[in-house]
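Subject: Structure handover

Hello,

Here is the structure we spoke about. My notes follow below it.

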Amino acid sequence: MRGAWLVAARELRADARHPDGFATAVTFVAALVLIESIVVGPQVARETTVAPALYWIALLFAAIVVTTRSFDRELADDAIDAVLALPGGRDALYAGKLIALAATIAAVGLVGGVLQIALLDLTLALPGHALVAVALGVIALPAVVIIDVALTLRLRGRAALVPVLAVPALLPQLVAATNALGLALSGDATGSLAWSGLLLAIALVYAVLGLTIAGTAIE
Amino acid sequence: MITALRGATVILGDRAVLRDLDLEVGPGVTVLRGPNGAGKTTALRALAGLVPLARGTCEVPFDLLYLGHRPQMLHGLTVRENLRFFTELRGRTSRAPAYSAALGVGGAREARIGGAIGRWGLSADADRPVERLSAGQRRRASLARLDTEWCGLTLLDEPFAELDDAAVALVHASLASARDRGDAVLVASHGHADLDEIAGRIYRIDDGRAA
């Protein structure tokens with residue numbers, strides 16, 4: 001785990017110095033919320049089944065943006081090779097990026113969530129439960145997207161391939177996260193926690209699977 | 001013998017980039033020569049465990065330093081931060097002397113990194129993000145890892161690219177020191193004939209095969 005924390009710290013430090021991935025992701029989430037509320041109308045966009053779905057779809061694409069940006073930085077001077085050639089480098093790279101990108105996506109999620117609440121004038125019945133759903137929901141996103149970006153790392157069609165690979169794998173996560181957040185919005189504490197439990201299970205399964213196949217995917 | 005490729009074949013796409021290549025690297029300096037596209041980089045990457053072999057074998061040693069033909073410094077971090085990251089992530093190596101500086105702890109590690117930065121002429125730029133440095137400075141920063149990570153085997157891919165005369169002399173001095181310590185170094189280079197003077201063994205490859 002020491003290697004993972006070192007990679008995560010390196011990632012977050014580079015992000016802090018050049019927060020273009022974070023800024024792009026937040027802009028994307030805000031634009032999507034705004035456009036959707038205009039297209040379907042604020043009444044529909046505010047519904048507790050629609051607003052969370054939009055939120056998680058926006059976060060999924062935000063996760064793709066920040067993960068792709070992270071690997072672009074690794075490829076700029078072949079920095080990734082230096083890490084992969086170190087003992088335990090593959091595992092450290094995957095786990096470190098998972099930690100750092102989950103933190104970045106959580107930050108995007110918090111900013112995007114506040115923007116969505118403000119833009120759509122949402123009332124959050126159970127803010128604590130909503131935070132739990134967001135915290136657990138963001139772990140599975142980089143767990144899957146990192147593998148997809150690694151698989152397509154040196155392919156020209158990467159921008160199109162990553163969403164095609166990520167969306168089917170993340171459908172269970174999107175369903176659980178949308179329900180957990182939707183029920184937190186509407187005030188159903190038990191239902192929200194039940195879906196959050198499922199989110200935790202999905203996050204663990206994806207993280208373990210990711211760690212298992214990361215080396216092969218990167219190779 | 002520290003490491004070896006035996007009957008190594010690497011296929012990238014639909015092309016065999018290495019074909020049944022045998023390559024032994026022992027203590028001292030080994031030079032791998034060949035024209036552009038001969039497969040030198042792929043041979044080094046195979047030894048570093050970065051490309052899978054379609055056939056043949058390769059034992060990747062535990063403490064291996066691979067410096068590719070690009071600087072491998074992460075943009076967004078400074079030279080010092082990059083060197084610190086690699087030193088911390090690697091931890092102890094078989095070649096590390098048995099005193100506290102080798103343990104990579106606190107001030108001793110920082111002194112070691114500071115010494116390497118000074119030796120490679122990067123003191124004035126050590127705390128600037130690497131993307132703001134010239135290609136030659138980034139290459140120097142990469143080579144400073146020779147002084148911060150002590151490894152039993154070092155793989156250098158075209159280490160003289162983008163370097164000025166002073167830095168070329170530093171590389172030669174580092175190679176001579178490694179040879180004198182009994183470390184193993186494999187250098188892939190298509191030029192710099194003077195390398196042959198310090199090389200214990202020279203391999204030539206062309207079109208992925210021993211020439």
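In chain B, 71% of the contacts with a separation of 6 or more are between residues 24 or more positions apart, where contact means heavy atoms within 4.5 Å.

Before the rest, some conventions. This is a predicted model, in which local features need pLDDT of at least 70 and side-chain atom pairs count only at pLDDT 80 or more, while totals for chains, interfaces and linings use all residues. Residues are numbered from 1 along each chain as its sequence is written, chains are lettered from A and ligands numbered from 1 in the order in which they are written, and side-chain values use heavy atoms, with hydrogens and water left out.

Chain B
Chain B has 7 helices and 9 strands (DSSP runs numbered from the N terminus: helices are H or I, at least four residues; strands are E, at least two). Of its 211 residues, 56% are buried, meaning under 20% relative accessible area with a 1.4 Å probe, protein chains only. The C-alpha atoms of chain B fill a box of roughly 45 × 35 × 35 Å along the principal axes.

Chain A
Chain A has 9 helices and 0 strands. Its radius of gyration is 17 Å, close to the 17 Å that the globule rule gives for 219 residues, so chain A is as compact as a globular protein of that length (the radius is taken over C-alpha atoms; the rule is 2.2 Å times the number of residues to the power 0.38). Buried residues make up 54% of the 219, and the C-alpha box is roughly 55 × 30 × 30 Å along the principal axes. Among contacts in chain A between residues at least 6 apart in sequence, 82% join residues at least 24 apart.

One residue in chain A: Thr104(A) sits in helix α6 (residues 89–120) and is buried, at 8% relative accessible area. Leaving out residues up to four places away in sequence, Thr104(A) touches Leu12(A), Asp15(A), Phe22(A) and Val66(A).

Core
The largest nonpolar core has 130 residues (a set of buried Ala, Val, Leu, Ile, Met, Phe, Trp, Tyr and Cys residues joined through side-chain atoms within 4.5 Å). Among the members that touch the most others are Trp56(A), Leu170(A), Leu5(B) and Leu155(B). Helix α7(A) gives the most to this core, with 14 residues. Beyond its neighbours within four places in sequence, Leu155(B) is in contact with residues including Leu44(B), Leu64(B), Tyr66(B) and Leu186(B).

Regards

Methods. Buried < 20%, exposed > 50% of the residue type's maximum accessible area, 1.4 Å probe, protein only.
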